[in-house]
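Subject: Handing over the structure

Hi,

Here is the structure I promised to pass on. Have a look first, and my notes follow below.

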Amino acid sequence: MSTYRSVSFALAFTRPCLLRGRCVVGVVRWSGRAIGLDVHREFCEVAICEDGVVRSAGRVKTTPEALRVLAGSLIATDRVALEVTGGAWEVARILEPHAERVIVVSPDDTGIAQARAKTDKLDSRTLARLLASGELDAVWMPDERCRVLRRRLARREQLVRSRSRAKNEVHAVLMRRLQGKPPCSDLFGVKGRKWLRSLELPEEETETVRGAMRHIEFLDREIVAVERLIAASMLRSQDARRLLTVPGVNLIAAGTFLAAIGDITRFRNARALVAYLGLDPKVRQSGEEPARSGRISKRGSAAARWALVEATWSVVKQPGPLRAFYQRIRARRGHGRAIVAAARKLAMLFWCLLSRGEDYAHQQPSLTAKKLRRLELAAGASVLKGRPTGVWVTNEKMRAAERQLAEQAEASYQRAVRDWQAATPTKVGASVTPGHA
């Protein structure tokens with residue numbers, strides 16, 4: 001701390017607050033110091049705004065010990081602001097018990113990245129000034145359960161990407177040696193591995209294939225291990241079980257969605273959730289022109305948008321209202337816009353299921369039971385041996401009856417849409433209500 005001007009820093013934080021509070025234009029202003037932290041890997045640049053005056057207060061190391069010293073110098077009326085970075089959540093966790101409030105803000109909301117002059121001192125002073133004036137909106141801080149789930153899902157994604165790179169190495173070897181397509185659907189299954197071992201390749205190519213196969217086997221074990229942890233946490237979540245009642249939604253899609261949004265009660269309606277996920281279209285209007293919508297905003301979690309779109313690919317293959325909606329939009333706007341619009345509808349469906357505490361009305365019960373059983377097996381449940389019973393026995397009549405019910409729901413939706421279109425006048429603009437942005 002001595003090399004970071006700890007003496008002047010401690011004096012700055014132990015000086016008592018002189019401003020107790022005052023009323024300006026009928027609004028009671030917050031009394032206390034506003035502290036801005038520009039967090040880096042090695043240090044945090046600190047700035048303080050008090051009585052409308054902003055000053056720099058030196059640097060503090062970004063270590064747990066130094067941050068605890070910083071936390072001890074705070075007083076109960078202090079507020080702290082820092083931008084989202086890799087270690088922002090841990091810094092906020094250490095400081096939060098010692099201040100009135102610690103907020104983590106998005107860099108897009110501060111305007112620091114677009115500033116003409118940008119230094120560490122200026123960034124921290126800007127944060128302190130914006131916090132004192134009440135112009136900062138905090139991003140949602142995930143709880144421990146969401147944080148752990150996010151970390152596990154991110155690790156699984158990296159493992160899957162590494163496995164794909166290793167598999168691509170094997171495919172590249174086959175292409176270089178003009179081996180053509182393998183005689184089986186899965187090159188890395190039992191038959192595919194046997195075929196790879198039978199190939200006569202040069203020594204250097206054989207070394208590449210063997211090394212890639214060892215890497216793939218290792219990654220397979222790691223992916224199974226992390227998926228077991230994810231499945232165990234999902235089994236304990238009633239919300240995850242509820243989302244799995246939607247045909248086409250799997251463990252990863254449900255887990256990624258729940259990890260991104262946390263508590264569903266944070267969103268007052270489905271449109272707020274769609275905006276949070278960045279699936280709402282941008283709207284532009286000026287002068288006498290009607291409002292027009294453009295591309296989606298892509299704000300929020302990219303992983304959640306990816307999971308919703310990937311799940312939608314499977315959902316629209318199942319008979320039901322969502323497939324009818326997708327087909328209607330595809331006929332008018334094309335496949336790309338239709339799949340994104342269906343993903344938006346899926347997000348709104350998730351909000352309805354979670355906020356109302358209900359399962360999907362058009363679910364297929366045997367399919368839901370099968371998914372839950374697979375979830376139990378992924379979590380480490382023992383395999384039932386002996387005579388096949390339960391969800392693993394395929395009852396063709398039951399499945400056919402369930403598909404018929406889903407097809408009836410799809411037909412009823414299509415009929416309702418035709419009636420609605422016949423009774424509604426043609427809209428002006430790009431599917432935007434005139435006069436409403």
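You will find I261 in helix 10, residues 251-261. Helices (H or I, at least four residues) and strands (E, at least two) are DSSP runs, numbered from the N terminus. Leaving aside neighbours within four places in sequence, I261 is in contact with W140, R266, F267, L273, Y276, L277 and L354, where contact means heavy atoms within 4.5 Å. Of that list, L273 is twelve residues away from I261 in sequence, and their C-alpha atoms are 8.2 Å apart.

Before you go further, two notes on reading it. This is a predicted model, so to speak of local features we need pLDDT of at least 70, side-chain atom pairs count only at pLDDT 80 or more, and totals for chains, interfaces and linings use all residues. Residues are numbered from 1 along each chain as its sequence is written, and side-chain values use heavy atoms, with hydrogens and water left out.

How confident is the prediction?

The protein chain has an average pLDDT of 84, and 86% of the residues score at least 70; pLDDT is the predictor's confidence in each residue, from 0 to 100. Where pLDDT is low, the predicted coordinates should not be read in detail.

Five strands make an open sheet, in the order 5-4-3-6-7, with mixed pairing (two strands pair if DSSP finds at least two bridges between them). Strand 5 (53-61) and strand 7 are the edge strands, each pairing on one side only. From one strand to the next the twist averages 20°; axes are lines fitted to C-alpha atoms, for helices over the stretch in contact, and angles run from 0 to 180 degrees between N-to-C directions. Strands 4 and 5 run antiparallel and are joined by seven bridges. C49 has V54 in strand 5 as its bridge partner. In the loop between strand 4 and strand 5 sits D51, whose phi is positive, near 55°, though D51 is not a glycine. D51 counts as partly exposed, because its relative accessibility is 43%.

Helices against the sheet

Helix 3 (residues 88-95) lies across strand 3, strand 6 and strand 7, and runs at about 170° to strand 7. As for helix 5 (residues 120-132), its 13 residues should span 18 Å at 1.5 Å a residue, and its end C-alpha atoms are 19 Å apart, which agrees; the expected span is 1.5 Å times one less than the number of residues. The buried residues of helix 5 are D123, S124, T126, L127, A128, L130 and L131. What covers them includes strand 3 (34-39), strand 4 (43-50), strand 6 (79-83), strand 7 (101-105) and helix 4 (107-110). Just after helix 5, G134 takes a positive phi of about 75°.

Salt bridges

The count comes to 18 salt bridges, each being a side-chain nitrogen of Lys or Arg within 4 Å of a carboxyl oxygen of Asp or Glu. D78 pairs with R33, their closest N and O atoms being 2.8 Å apart. This pair links distant parts of the chain, 45 residues apart: D78 is in the loop between helix 2 (64-72) and strand 6, and R33 in the loop between strand 2 (27-28) and strand 3. Both D78 and R33 are buried. D123 forms a salt bridge with K118, at 2.9 Å between the closest N and O atoms, and D123 counts as buried at 3% relative accessibility. R147 and E144 meet at 2.5 Å, N to O; both lie in helix 6, three residues apart, about one turn of the helix. R147 is partly exposed at 43% relative accessibility, and so is E144 at 48%.

Note on methods
Buried means under 20% relative accessible area, exposed over 50%, partly exposed in between (1.4 Å probe, protein chains only).
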